[in-house]
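Hello,

Here is the structure we spoke about. Please open it and keep it beside you while you read the notes below.

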Amino acid sequence: MEISKRKIKVLMGKQALTVKALADRMNTQANNLSTILTRQTCRPETAVRIANALGVDVTAITED
């Protein structure tokens, strides 16, 4: 699933979250999340975990 690094970073900024803080909310390692953000692709389950950690619907973080 294609995700938008830009959209995720904007949402993180609004909540003053670092990559580590978001990774902690997802119960994963920061380096794993960084890799996902760099690739801008992940499994649908992972996209849902990111969205849930940000408190948004998964459509808010996917590419248009």
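**Lysine 7 and its neighbours**

The side chain of lysine 7 has a polar atom 2.8 Å from the backbone oxygen of threonine 62. Keep in mind throughout that this is a predicted model. Lysine 7 sits in helix α1, which spans residues 5–14. Is lysine 7 buried or exposed? Its relative accessible area is 14%. The cut-off for buried is under 20%, so lysine 7 counts as buried. Leaving aside residues up to four places away in sequence, lysine 7 touches Ala60, Ile61, Thr62, Glu63 and Asp64.

Serine 4 belongs to the segment before α1. Serine 4 is buried too, at 3% relative accessible area. With residues up to four places away in sequence left out, serine 4 touches Gln40, Ile61, Thr62 and Glu63. Ile61, Thr62 and Glu63 are also among the residues that lysine 7 touches.

**The core**

The largest nonpolar core has 19 residues. Which of them touch the most other members? They are Ile3, Ile8, Leu22, Leu33, Ile50, Leu54 and Ile61. Four elements, α1, α2, α3 (30–39) and α4 (44–54), each give two or more residues to this core. The largest share comes from α4, with five residues.

Take isoleucine 8 as a way in. Not counting residues up to four places away in sequence, isoleucine 8 touches Ile3, Leu22, Leu37, Ile50, Leu54 and Ile61.

Alanine 47 is another residue to look at. Alanine 47 is in helix α4. Alanine 47 has 0% relative accessibility and counts as buried. Its contacts are Met1, Ile3, Cys42, Val58 and Ile61, again without residues up to four places away in sequence. Isoleucine 36 is 11 residues from alanine 47 along the chain, and their C-alpha atoms are 9.5 Å apart.

**Helix α2**

Asparagine 27 follows α2. The phi of asparagine 27 is positive, near 65 degrees.

**Helix α3**

In α3, look for Leu33, Ile36 and Leu37, which are buried. They lie on the same side of α3, because their arc around the axis is only 95 degrees. Asn31 and Thr38 are exposed on the other side of α3. The cover over the buried residues of α3 includes α1, α2 and α4.

Just after α3 comes glutamine 40, with a positive phi of about 60 degrees. Glutamine 40 is one of the residues that serine 4 touches.

**How the helices cross**

How do α2 and α3 pack? Their axes are 8 Å apart, at an angle of about 105 degrees. Angles of 65 to 115 degrees count as roughly perpendicular, and α2 and α3 are therefore roughly perpendicular to each other. On the α2 side, Val19, Lys20, Leu22, Ala23 and Met26 make the contact. On the α3 side, Ala30, Leu33, Ser34 and Leu37 make it.

Now α2 and α4. The axes of α2 and α4 come within 9 Å and cross at roughly 110 degrees. That makes α2 roughly perpendicular to α4 as well. Here Leu22, Arg25 and Met26 in α2 meet Arg49, Ile50, Ala53 and Leu54 in α4. Leu22 and Met26 also take part in the contact with α3.

**An exposed loop residue**

One last site. Alanine 16 lies in the loop between α1 and α2, and α2 covers 19–26. Is alanine 16 buried or exposed? Alanine 16 has 69% relative accessibility, so it counts as exposed.

Best wishes

How values were computed. Residues numbered from 1 in each chain as written. Predicted model: local features only at pLDDT ≥ 70, side-chain atom pairs only at ≥ 80, totals over all residues. Heavy atoms only, no water. Buried < 20%, exposed > 50% of the residue type's maximum accessible area, 1.4 Å probe, protein only. Polar contact = N/O pair within 3.5 Å; in protein donor to acceptor, adjacent residues only side chain to side chain. Contact = heavy atoms within 4.5 Å. Core = buried A, V, L, I, M, F, W, Y, C linked by side-chain atoms within 4.5 Å. Arc of directions from axis to C-beta. Axes fitted to C-alpha atoms, helices over the stretch in contact; angles between N-to-C directions. Parallel < 35°, antiparallel > 145°, perpendicular 65-115°, else oblique.
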